[in-house]
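Please read it with the model at hand.

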Amino acid sequence: SFQSSSPSFSFMDHFPQVILLKLKQVGEAQGNVMGGGQPSAGDPRVTEVKPRILLMGLRRSGKSSIQKVVFHKMSPNETLFLESTNKICREDVSNSSFVNFQIWDFPGQIDFFDPTFDYEMIFRGTGALIFVIDSQDDYMEALARLHLTVTRAYKVNTDINFEVFIHKVDGLSDDHKIETQRDIHQRANDDLADAGLEKIHLSFYLTSIYDHSIFEAFSKVVQKLIPQLPTLENLLNIFISNSGIEKAFLFDVVSKIYIATDSTPVDMQTYELCCDMIDVVIDISCIYGLKEDGAGTPYDKESTAIIKLNNTTVLYLKEVTKFLALVCFVREESFERKGLIDYNFHCFRKAIHEVFEVRMKVVKSRKVQNRLQKKKGATPNGTPRVLL
């Protein structure tokens with residue numbers, strides 16, 4: 001039960017039960033491909049615990065640079081020396097029980113009509129398809145490839161989230177950014193409408209590896225693949241409303257992707273401050289937080305940080321799990337009730353751990369169910385049996 005700073009509310013009863021009820025609503029979605037549809041027990045996708053995020057686009061559009069900056073902490077300037085991708089590169093991203101997927105980086109010259117390219121197998125297990133368009137180049141060819149890619153993928157898997165990164169916008173003026181986004185949005189949707197595919201929804205993002213826009217865009221993509229997102233948002237809303245907090249983010253520390261935030265609008269400057277705070281905490285912990293022999297980890301359950309800004313706002317960071325951090329914006333007068341905030345945070349962290357446990361139980365039961373299904377589908381000597 002959370003305690004409230006308001007005199008009219010003293011606590012909220014049985015909060016963990018609320019979480020479990022909420023989890024039942026997302027139900028079976030937790031054990032499937034995290035946004036890849038509702039597979040049956042015999043569906044081969046059940047074995048695919050990690051959903052795929054495909055990075056596609058023309059050559060030199062910036063796909064590999066995005067992956068290196070977001071998931072490998074590469075400096076944006078170093079990406080200038082990356083070689084062009086000439087084969088499909090797969091990488092597992094397993095930072096937590098929520099941020100858990102595969103990134104597939106495709107070469108720009110991929111040919112869907114090549115018989116060696118099994119596009120049905122690839123698209124069937126895909127949760128999100130990110131198509132990267134170079135905003136500083138002539139994007140007509142990119143739009144044609146986008147249309148071909150989306151229509152081909154939609155025929156195989158109607159549950160794919162289609163995301164369009166209008167990339168390298170750091171070289172454009174603000175007016176040119178808006179004009180480019182409007183033009184690409186209009187042309188892409190017109191092409192789909194002409195093909196009778198108006199029901200396909202494309203999401204558009206202006207991105208650059210030289211600022212935090214690429215991290216925010218990836219945050220939005222990953223959130224769509226997390227079936228627990230409504231539960232996490234609900235937890236954050238209850239937490240901030242009872243603690244006098246202005247804004248709260250649940251961050252994946254490694255990638256600086258925020259996997260959830262409360263229902264108030266996200267301000268870009270606020271998000272950038274949170275990212276910078278995480279960098280500061282990790283850097284200082286690596287210097288002063290390790291033992292003399294270098295043992296231990298720089299980020300653990302004792303990790304916490306308080307930064308007071310010059311606009312009467314306090315940034316407050318607390319460890320939730322070894323991969324997740326809660327970063328809050330609190331006014332100085334509200335932060336005087338730090339004991340209340342810490343108590344409510346303790347309840348919040350306990351609730352998050354319960355969400356983890358429920359998810360892991362569902363995934364485990366899915367695996368058991370799939371193994372039983374395989375046994376039913378084979379004869380004692382191991383040859384497949386035809387299932388009617």
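Two strands are taken to pair if DSSP finds at least two bridges between them. Helices (H or I, at least four residues) and strands (E, at least two) are DSSP runs, numbered from the N terminus.

1. Basis of the note. The model is a predicted one, in which local features need pLDDT of at least 70 and side-chain atom pairs count only at pLDDT 80 or more, while totals for chains, interfaces and linings use all residues. Residues are numbered from 1 along each chain as its sequence is written, and side-chain values use heavy atoms, with hydrogens and water left out.

2. Overall composition. The chain holds 10 helices and 11 strands. Of its 388 residues, 48% count as buried, that is, under 20% relative accessible area with a 1.4 Å probe and protein chains only (exposed is over 50%, partly exposed in between). Contact means heavy atoms within 4.5 Å; among contacts in the chain with a separation of 6 or more, 67% come from residues 24 or more positions apart.

3. An open sheet of mixed pairing is formed by six strands in the order 2-3-1-4-5-6. Strand 2 (89-94) and strand 6 (202-206) are its edges, each pairing on one side only. Direction ignored, neighbouring strands are turned by 20° against each other on average. Strand 2 and strand 3 (residues 100-105) run antiparallel and are joined by six bridges; Cys89 has Asp105 in strand 3 as its bridge partner.

4. Helices across the sheet. Axes are lines fitted to C-alpha atoms, for helices over the stretch in contact, and angles run from 0 to 180 degrees between N-to-C directions. Helix 4 (residues 140-156) lies across strand 1 (52-57), strand 4 (126-134), strand 5 (161-167) and strand 6, at about 170° to strand 4. Helix 6 (residues 213-223) lies across strands including strand 3 and strand 5, and runs at about 175° to strand 5.

5. Helix 2. Eight of the 10 residues of this helix are buried, among them Lys63, Ser64, Ser65 and Phe71. Just after helix 2, Lys73 takes a positive phi of about 55°.

6. The largest pocket. On a 1 Å grid over the protein atoms alone, a pocket is an open set of points where a 1.4 Å probe fits, with protein on both sides within 12 Å along at least five of seven lines; lining residues have an atom within 4 Å of a point. The largest pocket has a volume of about 360 Å³, and among its 21 lining residues Arg60, Ser61, Gly62, Ser65 and Lys168 are the closest to its centre. Helix 2 (residues 63-72) gives the most to this lining, with three residues.

7. The second largest pocket. Its volume is about 220 Å³. Of 13 lining residues, the closest to the centre are Ser64, Lys68, Thr85, Cys89 and Asp105. Helix 2 and strand 2 are the elements that give two or more residues to the lining, and helix 2 gives the most, with four.

8. Strand 9 (residues 304-308) and strand 10 (residues 313-319) pair in the antiparallel sense over five bridges. Val314 in strand 10 is the bridge partner of Lys308. Four residues lie between the two strands, and Thr312 takes a positive phi near 60°.

How values were computed
Grid points are joined across faces, edges and corners, and a volume is the space filled by probe spheres set on the points.
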